Amino acid sequence: MKALTPEQCKQWCKNQGLNVDDQLRPDLARRADIRSFLIPSASSVQLALCRDLLCCLDHQDETLFWIIDWSLYRPDEMELIVRLRENYGEKRKLIDAPGHLFSKSSADSENTLISWLFLMIAFDWKVNLIPSHRVSMLVIGDEVADVLISDKGRLSEFDDILKRYKLVK
């Protein structure tokens with residue numbers, strides 16, 4: 001994992017062919033189908049959903065895990081994320097480097113991404129999860145998840161996940 005500044009996150013998105021708006025949202029929405037759903041309240045279901053979502057998003061070469069807003073600010077509240085980042089040698093504050101670039105070719109495992117995603121859901125932090133191939137993106141925050149998918153095959157796979165978890169409206 002490599003931590004990125006907001007400007008580096010924007011540049012990474014630009015390199016992937018995505019522009020970022022003022023609210024730090026990449027513009028995939030213009031060319032993708034969007035599925036929104038309420039995040040389940042049971043933590044065991046949240047964790048299983050994280051596994052399935054990550055599989056559906058098809059984490060390939062790199063995935064940008066960009067934390068865009070968080071409600072915890074006191075040192076005792078931030079301790080867990082500080083320690084996770086320190087495991088990767090990151091010493092900067094989250095506000096200075098909120099992006100986390102995970103590479104499938106390095107020691108960053110899919111399990112790590114699942115764990116980080118689960119943590120964001122548990123903390124109700126807003127995060128953009130953007131795989132490098134640009135066909136999908138996950139935006140989580142305020143107890144709601146939006147999945148943006150421009151690949152019809154992946155869209156069908158994701159709709160099956162929504163049905164499995166009874167998250168279809």
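**View 1. Arg-35 in strand β2.** Arg-35 is found in strand β2, which spans residues 33–38; strands (E, at least two residues) and helices (H or I, at least four) are DSSP runs, numbered from the N terminus. The model is predicted, with local features needing pLDDT of at least 70 and side-chain atom pairs counting only at pLDDT 80 or more, while totals for chains, interfaces and linings use all residues. Residues are numbered from 1 along each chain as its sequence is written, and side-chain values use heavy atoms, with hydrogens and water left out. Arg-35 counts as partly exposed because its relative accessibility is 23%; buried means under 20% relative accessible area, exposed over 50%, and partly exposed in between (1.4 Å probe, protein chains only). Not counting residues up to four places away in sequence, Arg-35 touches Ala-145, Asp-146, Val-147, Leu-155, Phe-158, Asp-159 and Leu-162. Contact means heavy atoms within 4.5 Å. Phe-102 is 67 residues from Arg-35 in sequence, and their C-alpha atoms are 24 Å apart in space.

**View 2. The packing of helices α2 and α5.** Helix α2 (residues 43–57) packs with helix α5 (residues 152–164) at an angle of about 170°, and the two axes are 10 Å apart. Axes are lines fitted to C-alpha atoms, for helices over the stretch in contact, and angles run from 0 to 180 degrees between N-to-C directions. The two helices, α2 and α5, are therefore roughly antiparallel to each other; angles over 145 degrees count as roughly antiparallel, under 35 as roughly parallel, 65 to 115 as roughly perpendicular and the rest as oblique. On the α2 side the contact involves Leu-49, Asp-52, Leu-53, Cys-55 and Cys-56, and on the α5 side Arg-154, Glu-157, Phe-158, Ile-161 and Arg-164. Of the residues in this contact of α2 with α5, six are nonpolar, none is polar and four are charged. Here Ala, Val, Leu, Ile, Met, Phe, Trp, Tyr, Cys and Pro count as nonpolar, Asp, Glu, Lys and Arg as charged, and the others, Gly among them, as polar.

**View 3. The buried side of helix α2.** From its first C-alpha to its last, α2 reaches 21 Å with 15 residues, close to the 21 Å expected at 1.5 Å a residue. The expected span of a helix is 1.5 Å times one less than its number of residues. Buried residues in α2 are Gln-46, Leu-49, Cys-50, Leu-53, Leu-54, Cys-56 and Leu-57. They lie on the same side of α2 because they cover an arc of only 155° around the axis; the arc is that of the directions from the helix axis to the C-beta atoms. These buried residues of α2 pack against β2, α4, β5 (126–131), β6 (136–141), β7 (144–149) and α5.

**View 4. Helix α3 and its cover.** Helix α3 (residues 75–86) has twelve residues, yet its end C-alpha atoms are only 15 Å apart, short of the 16 Å that a straight helix would reach at 1.5 Å a residue. Met-78, Ile-81 and Arg-85 are buried in α3. Their arc around the axis is only 60°, which puts them on the same side of α3. Among the elements covering the buried residues of α3 are β1 (2–4), β3 (62–69), β4 (99–103) and α4 (110–123).

**View 5. Helix α4 and the residue that follows.** The end C-alpha atoms of α4 are 20 Å apart, which agrees with the 20 Å that its 14 residues should span at 1.5 Å a residue. Thr-112, Leu-113, Ile-114, Trp-116, Leu-117, Leu-119, Met-120 and Ile-121 are the buried residues of α4, and they pack against α2, β3, α3, β4, β5 and β6. Asp-124 follows α4 and is found in the loop between α4 and β5. Phi of Asp-124 is positive, near 60°, in a residue other than glycine. Asp-124 is partly exposed, with a relative accessible area of 28%.

View 6. Thr-63 has its place in strand β3 and is buried, with a relative accessible area of 1%. Leaving aside neighbours within four places in sequence, Thr-63 is in contact with His-100, Leu-101, Phe-102, Leu-113, Leu-129, Ile-130 and Pro-131. Ile-140 lies in strand β6 and counts as buried at 3% relative accessibility. Among the residues that Ile-140 touches are Ile-39, Leu-117 and Trp-125. The C-alpha atoms of Ile-140 and Leu-117 are separated by 9.0 Å, with the two residues 23 apart along the chain.
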